[in-house]
Amino acid sequence: MAPGWESRIAELCHHFGEVRQRSVELCAPLEIEDYGVQPMDDASPPKWHLAHTTWFFETFILREHGVPPFDPLYETLFNSYYNGVGTPYPRPRRGFLSRPTVAQILTYRQHVDQQMTRLLAEVNKGDHDDVSARQIVERLELGCHHEQQHQELLLTDIKYNLGHNPLYPVYGGEVSEPADPLPLKFTQCEGGIVSVGSQNGFAFDNELPRHETLLRPFALAHRLVTNAEYGEFIADGGYQRADLWLSEGWSTVHAQNWQAPLYWQQRDDEWWQYRLDGLHPLQGGLPVVHVSAHEAFAYANWAQARLPTEAEWESVATSLACAGNFVERGSFHPLGAADDGGLTQMFGDVWEWTSSSYGPYPGYRPLPGTLGEYNGKFMSSQLVLRGGSCATPANHIRSSYRNFFYPPDRWQFSGIRLARDLG
């Protein structure tokens, strides 16, 4: 084994334990009735997330090293979209699965965790050859990041459930508003030939390979668009003006009868917003969140600006500290910008829509085998978001991270940063 192997294994084992425990902790505020609710086709019940992330370690690590399945039927029930493994249970029907129970799924998690601990101890003792050991470690790291993705989905899906309940239940969180919201300013960026993509450390395959691209001079807003600013767009008839919208967006507005961002509602001519800490009067200085790409494009047009490309965003973010309002802060909602004299809110708070289509980088190669389905097969009809959110684990995000959703999606913690051309 290479020098430092034992410390690397110890580090990953600790990370694995933390990640697995964190998923269970995020479900702690729930009542048992909440675990099985599927509020819409694109969301999943909390207990399904707990089972699927366990299925990932069992399927791609344990099963390949001779560990028999905990229950052979789980291979179908908790497969998300890996056709190479078998036929997944239909996503819109996950809420029908009253069994297995929550207790049985927690037992499943405990069983897989124990088997993973045993396997990693074998690797640490040298019981596996270098090729096998390296594969286990690489898939362990991928599995941890996969579960962290689902931790964010847990929060977004829980919010969609609770936010559509007339009782507007409180999950948790603590939200504060800045006393004096920052005036909107733009930072000029020279452009030129820039390098984009992961440089070192863990990265998903869609962040590779690192490559060069040419940017024209541009300006990037130093903070996110606020609720108050988006409210001005609404008051100016933003949802009634066809000239502001892309064709598909305009059709979606009418089909869905959108009048405001998700979780906004009017009461006695006042806007209110559901957050994970309950229903509250809308706070104007906080970033607008839960908007689709269609709404982001329309707002940018109205503001006589545009959305940044993902390369523009990354060229700026790479030089900044990866720090912000992440899930560890416990707000579970974007917070107001602090005046630090420069670009702010680049990481955390909200996933920022870009104008870039989600596609492969030049020279892209998916992971070998069934894991090649992880990212590559979704490179169609989606847009890239950058920066992480208030539901993202801090050690999961980086400047090269590419999130992706369809343009109408808005149950994710997604928001808007403006850009402008120069010259």
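The legends below describe close-up views of a predicted model.

**View 1. Cis peptide bond between R99 and P100.** The peptide bond that runs from R99 to P100 is cis, and its omega is near 0 degrees. P100 is placed in the loop between α3 (74–77) and α4 (102–125). Most peptide bonds are trans.

**View 2. Cis peptide bond between L208 and P209.** L208 and P209 are joined by a cis peptide bond, with omega about -5 degrees. The loop that holds P209 lies between β2 (192–196) and β3 (211–215).

**View 3. Positive phi at D268.** D268 is not a glycine, yet its phi is positive, about 55 degrees. Most residues other than glycine have a negative phi. D268 belongs to the loop between β5 (264–267) and β6 (270–275). Its relative accessibility is 77%, so D268 counts as exposed.

**View 4. Positive phi at S381.** S381, which is not a glycine either, has a positive phi of about 65 degrees. This residue is found in the loop between β8 (351–357) and β9 (383–386). S381 counts as exposed because its relative accessibility is 58%, and the cut-off for that term is over 50%.

**View 5. Aromatic pair of F202 and F204.** A search of the whole structure finds 36 aromatic pairs. One of them is formed by F202 and F204, an edge-to-face pair with 5.2 Å from centre to centre and 80 degrees between the planes. Is this pair made of buried or exposed residues? F202 is buried, and F204 is buried too.

**View 6. Aromatic pair of Y230 and F233.** The ring centres of Y230 and F233 are 5.1 Å apart and the planes stand at 55 degrees, so this pair is tilted. An angle over 60 degrees would count as edge-to-face, and one under 30 degrees as stacked. Y230 and F233 both belong to helix α6 (residues 227–235); because they are three residues apart there, about one helical turn separates them. Y230 and F233 are both buried.

**View 7. R94 over the ring of W48.** R94 lies over the face of W48. The distance from the ring centre is 3.6 Å.

**View 8. R402 over the ring of Y361.** Which residue has its charged end over the ring of Y361? The charged end of R402 sits there, 4.1 Å from the centre of the ring.

Conventions:
Residues numbered from 1 in each chain as written. Predicted model: local features only at pLDDT ≥ 70, side-chain atom pairs only at ≥ 80, totals over all residues. Heavy atoms only, no water. Helix = DSSP H or I, 4+ residues; strand = E, 2+ residues; numbered from the N terminus. Buried < 20%, exposed > 50% of the residue type's maximum accessible area, 1.4 Å probe, protein only. Phe/Tyr/Trp six-rings, centres within 6.5 Å; stacked < 30°, edge-to-face > 60°. Lys NZ or Arg CZ within 6 Å of the ring centre and 35° of its normal.
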